[in-house]
Amino acid sequence: MKQVAYGVLVIGATLGLSACGPQSTPEQTVEITDAKPDPVPAPAAPTPVETPASHEESATPVESSAPDLAKGKRQFAKCKVCHTLAQGERNKIGPNLYGVLDRPAASVQGFKYSAALKASALTWDEATLDQWLQNPRQTVPGTSMSFVGVRDDKARRDLLAYVIEQTASAE
């Protein structure tokens with residue numbers, strides 16, 4: 001049975017190939033033998049590509065979500081029209097932000113806050129500051145702060161990290 005199947009395979013292959021080449025003549029014949037075809041050699045194992053160890057060791061993963069303080073400083077340029085950061089600096093249109101983290105909202109002495117912010121009972125932790133910086137008027141409806149917010153998450157994280165770093169009190 002195997003011989004017949006192999007013979008049919010050889011004839012079929014020959015007929016298929018003859019369509020591509022010159023037409024066969026009646027004198028051409030195909031001889032079917034009991035010989036088995038040479039086994040197809042197994043493909044050689046791929047040669048591993050070696051990378052220099054120094055390249056792998058020097059590659060530092062980049063964390064895209066890590067805040068960039070330099071970019072945060074550039075973001076703060078739009079805030080410094082109204083706010084100061086350093087201890088002892090004066091209030092401007094907005095309050096001085098020194099020590100803002102974990103401070104109750106509307107608590108800087110000598111600054112006149114909106115009734116809405118005074119009534120908010122917010123404490124400026126990172127999550128609240130992030131929400132505020134995204135959209136102050138949505139966070140505290142009725143606030144007098146005219147800033148529209150920073151919609152881009154990465155830019156807001158950069159800004160928040162910069163403000164927290166610059167306003168941290170040395171305790």
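Is Arg156 buried or exposed, and what is its relative accessible area? Arg156 is buried, with a relative accessible area of 4%, where buried means under 20% relative accessible area, exposed means over 50%, and partly exposed lies in between, using a 1.4 Å probe and protein chains only. The structure is a predicted model, in which local features need pLDDT of at least 70 and side-chain atom pairs count only at pLDDT 80 or more, while totals for chains, interfaces and linings use all residues. Residues are numbered from 1 along each chain as its sequence is written, and side-chain values use heavy atoms, with hydrogens and water left out.

**Overall build**

- The protein chain has 7 helices and 2 strands, which are DSSP runs numbered from the N terminus, with helices (H or I) of at least four residues and strands (E) of at least two.
- Read from the N terminus on, the elements of the protein chain follow the order α-α-α-β-α-β-α-α-α.
- Of the 171 residues in the protein chain, 26% are buried.

**Salt bridges**

- A search of the whole structure finds 3 salt bridges, a salt bridge being a side-chain nitrogen of Lys or Arg within 4 Å of a carboxyl oxygen of Asp or Glu.
- Asp130 forms a salt bridge with Arg156, and the closest N and O atoms of this pair are 2.7 Å apart. Because Asp130 lies in helix H5 (residues 126–134) and Arg156 in helix H7, the pair ties together parts that are 26 residues apart in sequence.
- Arg156 also meets Asp153 in a salt bridge between their side chains, at 2.7 Å from N to O. Both Arg156 and Asp153 lie in helix H7, 3 residues apart, which is about one turn of the helix.
- The side chains of Asp158 and Lys154 meet in a salt bridge of 2.9 Å, N to O. Asp158 and Lys154 are 4 residues apart in helix H7, so they are separated by about one helical turn.
- Salt bridges that share partners join Asp130, Asp153 and Arg156 into one network.
- Asp153 lies in helix H7, which spans residues 153–167, and Asp153 and Asp130 are 23 residues apart in sequence and 9.0 Å apart in space, taken from C-alpha to C-alpha.

**Aromatic pairs**

- A pair of aromatic rings is described by the distance of the centres and the angle of the planes.
- The structure holds 3 aromatic pairs, where rings of Phe, Tyr and Trp (its six-membered ring) pair if their centres lie within 6.5 Å, and planes under 30 degrees apart count as stacked, over 60 as edge-to-face and the rest as tilted.
- One of these pairs is formed by Phe111 and Tyr113, whose ring centres are 4.8 Å apart and whose planes stand at 70°, so the pair is edge-to-face. Tyr113 counts as buried at 11% relative accessibility.
- Another pair is formed by Trp124 and Trp132, with ring centres 5.2 Å apart and planes at 65°, so this pair is edge-to-face. Trp124 is buried, with a relative accessible area of 7%, and Trp132 is buried, with a relative accessible area of 7%.

**Residues with a positive phi**

- Asp102 has a positive phi of about 70° although it is not a glycine. Asp102 is found in the loop between H3 and E1, and at 55% relative accessibility Asp102 counts as exposed.
- Ala121 has a positive phi of about 60°, again without being a glycine. Ala121 sits in the loop between helix H4 (115–119) and strand E2 (123–124), where Ala121 is exposed, with a relative accessible area of 70%.

**A patch of positive charge**

- Lys73, Lys80, Arg90 and Lys92 gather in a patch of positive charge on the surface, and such patches are made of residues with over 30% relative accessible area and no salt bridge, like charges being joined within 9 Å and nonpolar side chains (Val, Leu, Ile, Met, Phe, Trp, Tyr) within 5 Å.
- Lys80 is placed in the loop between helix H3 (69–76) and strand E1 (103–104), and Lys80 is partly exposed, with a relative accessible area of 47%.

Conventions: Areas by Shrake-Rupley, 256 points an atom, 1.4 Å probe, with all protein chains shown as cover. Lys, Arg positive; Asp, Glu negative; His and termini not counted. Charge placed at Lys NZ, Arg CZ, Asp CG, Glu CD.
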